[in-house]
Amino acid sequence: MAEQTAPLQRAGEPAGQADGSMITAEAKPDAAVVRDALGVGIAVGLSGFAFGVTSAGSGLSLLQTCALSLLVFTGASQFALVGALAAGGNPYTAAAGAFFLGVRNSFYGLRLSQLLALPRAVRPFAAQWVIDETTAVTLPQPTRRAARIGFTVTGLTLYVLWNLTTLVGALGAEALGDTDAWGLDAASPAVFLALLAPMLKTTTERVTGALAVLLVLGLLPVLPAGVPVLVAALAAPVVLFMRGRGKGPGAPEAKNSSTTTSKDGR
């Protein structure tokens, strides 16, 4: 249990301070983690209805629609695939765009594997749940135990609800009529943006997010589906590079000197 309840050390953080302030991080109650995870899982899981409706309206069969949610299980890629097919795109091109959009989950997995430290036998099954929402819930947790609980509860809740509501949406698509008029394909991205926005606390994070959005919107008309999202990942190194240039070569030394004060307060 010591491994699970010990505070997680984030990349780039010092191991601890002399007064133990970073070593004795307060553990988050299990009930609070479960509550947060259920909130995300239920809120996003219900938007599987939108995918079911959109997929059926795009011409996919009930079996094909449900198979996408069961096996692919990454909402943005699923919406990209059915959206491209609905627009008359080539199936192979649509699948390629969905694949490129899903590549981001591989990068999530690299970070989550360090935080969760799951047994090898469990990792192939856990990989199915490495998506935007589970990552958003897992990363802020202060301990490994809380991270595992957040990941498991979010993943299980979201997987079950997403697939159930996909089935309901696909069955009810005919009753809704023109699915394009409802704009349901925007439901999942809107929910994810609502989850992401509170996490952008610093100016650098906000600028990075804004630049990423501008890149996606600007490149959507000219690049295949999925590619603009990958290009938007360049926003992070660009902002960090510009931030480093803005500080100038003497910034690190100035920062260090400002924190080194004499005993009399000068």
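**Around Asn163 and the helices beside it**

Leaving aside its neighbours within four places in sequence, Asn163 touches Cys66, Ser69 and Leu70 in this predicted model. Asn163 itself belongs to helix H10, which covers residues 144–176, and its relative accessible area of 13% falls under the 20% cut-off, so Asn163 counts as buried.

Ser69, one of the residues that Asn163 contacts, also takes part in the packing of two other helices: Phe51, Gly52, Ser55 and Ala56 in H3 meet Thr65, Leu68 and Ser69 in H4. The residues of this contact of H3 with H4 comprise three nonpolar and four polar ones, with no charged residue. Helix H3 (residues 48–57) and helix H4 (residues 62–72) pack at an angle of about 140 degrees, their axes being 9 Å apart, and H3 is therefore oblique to H4. The crossing of H3 and H4 is right-handed.

A further buried position is Thr138, whose relative accessible area is 0% and which lies in helix H9, residues 132–138. The side chain of Thr138 reaches the backbone oxygen of Thr134 at 2.6 Å, while, apart from neighbours within four places in sequence, Thr138 is in contact with Leu112, Leu116, Ala147, Gly150 and Phe151.

Terms used: Residues numbered from 1 in each chain as written. Predicted model: local features only at pLDDT ≥ 70, side-chain atom pairs only at ≥ 80, totals over all residues. Heavy atoms only, no water. Helix = DSSP H or I, 4+ residues; strand = E, 2+ residues; numbered from the N terminus. Buried < 20%, exposed > 50% of the residue type's maximum accessible area, 1.4 Å probe, protein only. Contact = heavy atoms within 4.5 Å. Polar contact = N/O pair within 3.5 Å; in protein donor to acceptor, adjacent residues only side chain to side chain. Axes fitted to C-alpha atoms, helices over the stretch in contact; angles between N-to-C directions. Parallel < 35°, antiparallel > 145°, perpendicular 65-115°, else oblique. Left-handed = near helix turned anticlockwise from the far one by under 90°. Nonpolar A, V, L, I, M, F, W, Y, C, P; charged D, E, K, R; others polar.
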